[in-house]
There are 2 protein chains.
Amino acid sequence: MNNVPLDLNPFFQPSSIAIVGASQDFTTIGGKPVRNLLAHGYQGKLYLVNPRYSEINGLACYPSIDAIPDEIDHVLIAVSKKHITGTIEQCIQKKAKFITIFGAGYAEVGEEGAELQQQLVELCRSHGIRFCGPNCIGSINVKQSLPMGFSNSFEKESFISGNIGLVSQSGALGYATFALGQEEGLGFSYVANTGNQADLNTLDFLEFLVSNPDTKVVSGYMEAVPDGQRLKKIALDAIQEQKPLVIFKSGRSDLGKMAAMSHTGSLAGSEQAFQAVAKQYGITLVKDTDDLIDSLKIFSRGKTASGNRVAVISTSGATGIMMADNCAELGLEMAVLSEDTRKKIKNILPDFASSLNPVDVTAQALNDKDIFRRCLDILIMAPEVDSLVVTTTFAGALVLKMMEEVIKADESSDKPILVSLTGPEDLVGSARRRLYEVGVPTYGSVARTTASLKKLVDYSDFLRKKTLLVHEEAANTIPQDDIQLKKHMTEYDVKALLRKWGIPVPQGGMAATEEEVRLLADTLSFPIAAKVVSKEITHKSDIGGVVLHINDAEGAVQAMKQIFKNVNEKIPGAEAEGILLEEMAPSPFLEAIVGVKRDPQFGPMIMCGLGGIYVEVLKDVSLRNAPVSPMEALEMIRELKAYPLFKGARGGAEYDVEAFADALVKISHLAVMLDDLEEMDINPLIIRPKGQGVLALDGLLIK
Amino acid sequence: MNNVPLDLNPFFQPSSIAIVGASQDFTTIGGKPVRNLLAHGYQGKLYLVNPRYSEINGLACYPSIDAIPDEIDHVLIAVSKKHITGTIEQCIQKKAKFITIFGAGYAEVGEEGAELQQQLVELCRSHGIRFCGPNCIGSINVKQSLPMGFSNSFEKESFISGNIGLVSQSGALGYATFALGQEEGLGFSYVANTGNQADLNTLDFLEFLVSNPDTKVVSGYMEAVPDGQRLKKIALDAIQEQKPLVIFKSGRSDLGKMAAMSHTGSLAGSEQAFQAVAKQYGITLVKDTDDLIDSLKIFSRGKTASGNRVAVISTSGATGIMMADNCAELGLEMAVLSEDTRKKIKNILPDFASSLNPVDVTAQALNDKDIFRRCLDILIMAPEVDSLVVTTTFAGALVLKMMEEVIKADESSDKPILVSLTGPEDLVGSARRRLYEVGVPTYGSVARTTASLKKLVDYSDFLRKKTLLVHEEAANTIPQDDIQLKKHMTEYDVKALLRKWGIPVPQGGMAATEEEVRLLADTLSFPIAAKVVSKEITHKSDIGGVVLHINDAEGAVQAMKQIFKNVNEKIPGAEAEGILLEEMAPSPFLEAIVGVKRDPQFGPMIMCGLGGIYVEVLKDVSLRNAPVSPMEALEMIRELKAYPLFKGARGGAEYDVEAFADALVKISHLAVMLDDLEEMDINPLIIRPKGQGVLALDGLLIK
């Protein structure tokens, strides 16, 4: 897991490029890359390969790769399937560092294509050469204006270079996003498209982008996660580097997932698991191209927010009200301005303008020199303000002048400043482009502005909390013994394991004879419960294997007899190891459910909820990837809609949330330790009143 | 309520216009309307009024309105507050039909301004003259290219005329929406801005637009609803006319509402009540300018969807998957293609393209002549398809050619066709503009496309269900007697009322003496409950006023004694009318809560939910404006997250949802009949197993 990331520098910044299948017809897949590289004045050595030509556009054309009198960093292959294997073999001989295969017709079209694709993978792997594609559009090094592919968006005179790295499984989606982003002033470092990602996949590129010093914002579109554990590692690195990681994952719905699988063949984990991991690892999730571009805008500005308190300057009542609505709906707080701040603002504004947040400077105030600028300065300096939104529907020279003030304020402050500019091109286009140019996050509507700010606030909050760092500490409190699980774990075995891991289980023990029952019962406080212990019986209650509310030793003996009789009748021949006698938990308590399930992508996931209708009918559960830190465990519990019940809603007791969280932490670490664990259920885990802890009343473990 | 709508034709299509305070400086509020009317070649008679000029731009300028030798339909007033009263008086003398007051400085700036504004209202009302504003930007008759105000968006050479009517309380928001909409090809009929809406308000304009034959889609932005009952009436008319009513209401959050109230002073109803009314009256709610424009796009096309089954043609896997995800998340169904349809598509597509929905024609298929067009035709004709989305990231001539096919298909079919076109201006701009031109709903992202389609599907569904028409029938089953409520209604009184209205209450009665208790108890099936009846006691249980599980007449007597003792101790001097003896409901049952509360805007609202944690902790409630139809009542119950419990979740019984719905209908009609009802609570209403009905166990009524 701690490998050095693959060095993709020769891929993105090749000293030499060969284009195999180069064409003089610049409308074809073999011609477009030639034209694009020539148009952008590639400074390295460009070798064209095509036996049909001796030159293209004055550039020598070689009959084969062998014939090139030089080393090649990056080979772009535009030949058809028929010639692919021979071409790859030549690349291997030439010791080319990277290959991009543009052509389609491989795994995406059926078994025959998949087979050929797999052969290419094996061929390249066995010679240590890596390739991108097939079925991809290519990549672009925006820093050096170096387009290596045939996207329509490469046919511009110049590109905006910047700090955003993007990798997209889909070429269509990736380059539409790139082109749209460029239109709105977004500067990119590198963009790649992995297509069928037979060899290099989205994670290889994300990992490189996280390590790449030109890239400060790392983003990706994927239809499935190629490797869950690796995504987590990349996310950790991104946090370390303080680079926001923005992921647009489609295939969220069952039908979408089916469609995506037919594309990629990757093992699909559950969408819920992916979302839980994203939450835990500070990954910003987006669900649409607009959403992706909006997020890149605010993250590429490079600021973080020190809290969720937003100040708003509006030029009309309406957009101010809309900001207040949107903030409330997203859980952002409209900053409560201090007496001091309000006094300063009142001194500037005319009587009728509002000095409350949203500060409505009104149309008239804007005619007065300096009012807008001074309000801006006061609010951005105010300690009770974490970020500032300017929202206007103004047009023409007026809004352009205002925006110059916004740009100055943005430069002078570490606090995020966002602009919501609603209007058509002819009225607000020039102001919008000016803001794009300098990188002030600018949006066409109040809703998009607040949604983006919310993403920044959440990310900043995540960085501040350092949730992941707390993991290590928690892990130290966990027993590190090697655990051997029996082939079949009975309730008794599971409880012994839980006890060893510091999760309280009821006082009690196992007894197999009348004598043992009596002896054991005398050591317990009544009432007690008796349950059959047998590896052949999972649903104990259903077959009469449980007796509750036993009030003395004699009752316990009777219970054992009754249980054995029931078991014999219901499951003849079932072997019982004995009965489990345990003290019953005194009221009051809440019944929780804790579950662990292994996700094929991300490993063990831990779930909690309240028993009965809460989980079964209301689906009121929290999910996280194991292990969880104490902070995450508390967050899981607080996320439950039923959370008020823990805090004494409806006149009930206040329950031991801390002990519940502690149990979640321990169970999550246990789940990670047990390599062969498929599923574990603690149902119920009794949560007792504050200070009295928890009790695992039943436990099931499936390997 | 059944008035003829105000005739705003002279307002929007005046034969003569006077501009008072007309200025030759065309950058001012008095000059811009002059320039705008001249620029657009107003065909009626334009009279300028300003004592300081004799002519402006060659047009005669009158010293006062009196001096105009003609009748005036619409007077635009650009004078300051100082001259407003005199000007209005002249308008009255002149018998002008409508006035628009542009100037600010009235109710929005404080008490003094509010007072002057109120004087204007009284002055105009007493002479039967209506005015728009003050503090507004003006209005535009787009049909006749007739801008009557000073919006920046009026300064275009020409406008796109169409079937959308828009009224906005905010000028900034309204005209930004108008301008943005025009940029995206939206055609409008009339647009107005009501500003402080001292006289004419948003509802006056909505009502006019619903009745106006040029307008097929009616839309409005409002910060508060001026009159809830009237909005309902307008919504009913809109349904009758089959015109979608699209409302963007801000002031949804508490802070937003506060900000809005300071603007308008209108009585704010609850946001929940507004949303319930919108749902019941088929009003499409939007929350953002983008959302508003997107909705107008699809509604102005004038088609409805016969169901929620969507077919998708994509040119890349990614956008197809995204469509599937978005449909799933919004509750739209990806159409399951029939064998027949799939066979037809397979015949056309290359092997590797997907004939499943989403149908991915892939980049290669598009090179082949006619494949796209034929897929389009097959899908739009398929009976299993209700609407079609084409999604592509293609660019240039290719996409333009594709879109010509889309336009033909759209013309030839009644089914909605939407296009998702993701890309920048230079790549997809011309295709986008072509679609705007012909009015095929076109969006820049998959998410916006599906969100708009969802709104059309919901609206179409609403029209089909005819929920509102069913009201009448239900109302006929309700007793129409005149009801006189006592000043203080005890539980006994409330139950008598409920029984009369056909809502079952437990068998029982009231007794005041030992003898009465014995006689009454003998007529009942045990166990029974005893409760104190007193208009001075609301929380009976808290003071020991309730005894449950009484098993014989003697027990009932003892219960009465105990209750009277408790009452005497806890509330000395409280007068008890007696005790209520009632049979207890046999298990099993669910405890529901039904509440009625009068909303200041919309009148009585009815709420239901399950008792205990469901309402109190989980806030799991449904809300509607009373009365509700049987269909709406069922919908209320189905909306509850706890609904599975009614259908026998967790091995429980199936409960009597129909009887519950029937009770909701009756209670809602009762709520409407009782003019002076403030609040009513039936808690609990017991829902018994299917076929066994409901029982109101307790009732509280506050006038």
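## Close-up views of a predicted two-chain model

The accessible surface of chain A comes to about 27700 Å², and carbon and sulfur atoms account for 50% of that area. The structure is a predicted model, and the legends below describe selected parts of it.

**Figure 1. Chain A as a whole.** The C-alpha trace of chain A spans about 100 × 80 × 40 Å along its principal axes. Chain A has 703 residues, and 59% of them are buried. Its secondary structure comes to 25 helices and 30 strands. Among the contacts in chain A with a separation of 6 or more, 70% are between residues 24 or more positions apart.

**Figure 2. The two copies, chain A and chain B.** Chain A is superposed on chain B by a rotation of 180°, with 0.1 Å of shift along the rotation axis. The RMSD of this superposition is 0.1 Å. The two copies are therefore related as by a two-fold rotation axis. The same surface serves both copies, as 100% of the contact residues of chain A recur in chain B.

**Figure 3. An open sheet of seven strands in chain A.** The order of the seven strands across this open sheet of chain A is E9-E8-E11-E10-E12-E13-E14. The pairing is mixed. Which strands form the edges of the sheet? They are strand E9 (146–149) and strand E14 (283–286) of chain A, each of which pairs on one side only. On average, neighbouring strands of the sheet are turned by 15° against each other, direction ignored.

**Figure 4. Strands E13 and E14 of chain A.** Strand E13 of chain A covers residues 245–249 and pairs with E14(A) in the parallel sense. Four bridges make up this pairing. A:Val246 stands opposite A:Thr284, a residue of E14(A). As an edge strand of the sheet, E14(A) pairs on one side only.

**Figure 5. Strand E25 of chain A and its partners.** Is strand E25 of chain A largely enclosed by the rest of the structure or largely open? Strand E25 of chain A (residues 590–599) has 10 residues, and seven of them are buried, so the strand is largely enclosed by the rest of the structure. E25(A) pairs with strand E28 (residues 679–687) of chain A in the antiparallel sense, over seven bridges. In this pairing, A:Val594 has A:Ile682 of E28(A) as its bridge partner. E25(A) also pairs with strand E26 (residues 603–610) of chain A, in the antiparallel sense and over eight bridges. Here A:Val596 stands opposite A:Ile606 in E26(A). A hairpin through three residues joins E25(A) to E26(A).

Figure 6. A:Ser622 is part of strand E27 (residues 621–625) of chain A. Is A:Ser622 buried or exposed? A:Ser622 has a relative accessibility of 1%, so it counts as buried; the cut-off for buried is under 20%. The side chain of A:Ser622 reaches the backbone oxygen of A:Met636 at 2.5 Å. Leaving aside residues up to four places away in sequence, A:Ser622 touches A:Ile606, A:Met607, A:Cys608, A:Met636, A:Glu639 and A:Leu640. One of these, A:Ile606, is the residue of E26(A) that stands opposite A:Val596.

**Figure 7. Two cis peptide bonds in chain B.** Most peptide bonds are trans. The bond that joins B:Gly133 and B:Pro134 is cis, with omega about -5°. B:Pro134 has its place in the loop between strand E7 (130–132) and strand E8 (138–141) of chain B. Another cis peptide bond runs from B:Asn357 to B:Pro358, and its omega is near 0°. Where is B:Pro358 found? It is in the loop between helix H12 (339–348) and strand E17 (359–360) of chain B.

**Figure 8. Two residues with a positive phi.** Most residues other than glycine have a negative phi. A:His549 is not a glycine, yet its phi is positive, at about 55°. A:His549 lies in strand E23 (residues 546–550) of chain A. With a relative accessibility of 56%, A:His549 counts as exposed. B:Asn57, also a residue other than glycine, has a positive phi near 55°. B:Asn57 lies in the loop between strand E3 (55–56) and strand E4 (59–62) of chain B. Its relative accessibility is 59%, so B:Asn57 counts as exposed.

Key: Residues numbered from 1 in each chain as written. Chains lettered and ligands numbered in written order. Heavy atoms only, no water. Least-squares fit on C-alpha atoms with pLDDT ≥ 70 in both. Contact = heavy atoms within 4.5 Å. Pairing = 2+ DSSP bridges. Axes fitted to C-alpha atoms, helices over the stretch in contact; angles between N-to-C directions. Buried < 20%, exposed > 50% of the residue type's maximum accessible area, 1.4 Å probe, protein only. Areas by Shrake-Rupley, 256 points an atom, 1.4 Å probe, with all protein chains shown as cover. Polar contact = N/O pair within 3.5 Å; in protein donor to acceptor, adjacent residues only side chain to side chain.
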